[in-house]
Amino acid sequence: MSNRDSRRSLASELAAAADAYQVADVIPHCSVCARPCCCLDALVLELEWKQIKTFWKLGESRNAFDKRLATGGGPEEIRAGNGLYYVHSKPCPAYDLSGHACTIYGQDIKPAGCSDFPVYEDMGSVTADLRCEAVNLDALVARLARAVGPEFRIVQSADAEFPFLVTLAAKKTVKKAPGRRPPRA
Ligand code: SF4
Ligand code: SF4
């Protein structure tokens with residue numbers, strides 16, 4: 001297997017293990033979470049116009065909406081920038097507050113970032129977002145280590161600016177050369 005193929009296969013093993021961790025350990029906790037990420041009090045949701053239009057049930061054109069935002073006509077939780085929209089400080093309109101669930105689960109309109117949070121593969125490593133109370137770093141590391149096998153060890157590093165973002169990288173285990181018996185005197 002070429003180096004590129006083996007990197008790709010390692011990345012897909014990590015991605016599968018991250019997905020399996022979400023399904024087994026994170027999603028079951030969402031219904032009882034004390035700080036649901038969908039309330040957007042800690043997280044910022046990045047949306048495209050199609051999602052803004054659908055979630056806020058807008059009838060106006062994008063131009064008219066952008067003008068309204070720019071002149072302070074709200075919604076106050078939405079900021080525009082780089083052709084996208086950033087939502088913060090109020091619950092996502094697609095969140096069912098009483099049922100503690102996303103009402104568009106499994107639909108194409110659901111933002112990719114929502115499916116990734118809080119554990120996802122990125123550029124061959126796994127990122128874990130510790131703002132999710134369901135993430136247990138030791139359990140996640142153990143799962144990733146099982147997935148990649150004894151040839152690799154999982155190395156942790158926290159982001160310097162955002163320490164709640166932890167990168168988990170699989171590094172090849174360095175084999176020690178067999179020791180040589182010292183010559184007899
Ligand atoms: S913060 Fe974590 S446990 Fe809480 S709702 Fe979000 S994904 Fe679920
Ligand atoms: S789209 Fe769904 S998962 Fe994403 S923030 Fe809104 S309610 Fe939560």
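The legends below describe several close-up views of a predicted model.

In this predicted model, local features need pLDDT of at least 70 and side-chain atom pairs count only at pLDDT 80 or more, while totals for chains, interfaces and linings use all residues. Residues are numbered from 1 along each chain as its sequence is written, chains are lettered from A and ligands numbered from 1 in the order in which they are written, and side-chain values use heavy atoms, with hydrogens and water left out.

**View 1. Overall form of the chain.** The chain has 5 helices and 9 strands, where helices (H or I, at least four residues) and strands (E, at least two) are DSSP runs numbered from the N terminus. Its radius of gyration, taken over C-alpha atoms, is 22 Å, whereas a compact globule of 185 residues would have a value near 16 Å by the rule of 2.2 Å times the number of residues to the power 0.38. Along the principal axes, the C-alpha atoms fill a box of roughly 90 × 35 × 30 Å.

**View 2. The largest nonpolar core.** A nonpolar core is a set of buried Ala, Val, Leu, Ile, Met, Phe, Trp, Tyr and Cys residues joined through side-chain atoms within 4.5 Å; buried means under 20% relative accessible area, exposed over 50%, and partly exposed in between (1.4 Å probe, protein chains only). The largest core holds 24 residues, of which Val119, Leu144 and Leu168 touch the most other members. At least two residues each are supplied by α1 (3–26), β7 (125–129), α5 (137–148), β8 (152–158) and β9 (165–172), and the largest share, 6 residues, comes from α1. A second, separate core of 19 residues includes Leu40, Trp56, Leu58 and Leu69.

View 3. Thr127 has its place in strand β7 and counts as buried because its relative accessibility is 9%. Contact means heavy atoms within 4.5 Å; leaving aside residues up to four places away in sequence, Thr127 touches Pro118, Val119, Tyr120, Asp122, Leu165, Val166 and Thr167. With neighbours within four places likewise set aside, the contacts of Val119 include Ala18, Tyr21, Gln22 and Leu140.

View 4. Most residues other than glycine have a negative phi, and most peptide bonds are trans. The bond from Gly74 to Pro75 is cis, with omega near 0°, and Pro75 is in the loop between α3 (62–70) and β2 (78–81). The bond from Phe117 to Pro118 is also cis, with omega near 5°, and Pro118 lies between α4 (112–116) and β6 (119–122). Leu40, which is not a glycine, has a positive phi of about 60° and is buried, with a relative accessible area of 3%. Met123 has a positive phi of about 55° and counts as exposed at 79% relative accessibility.
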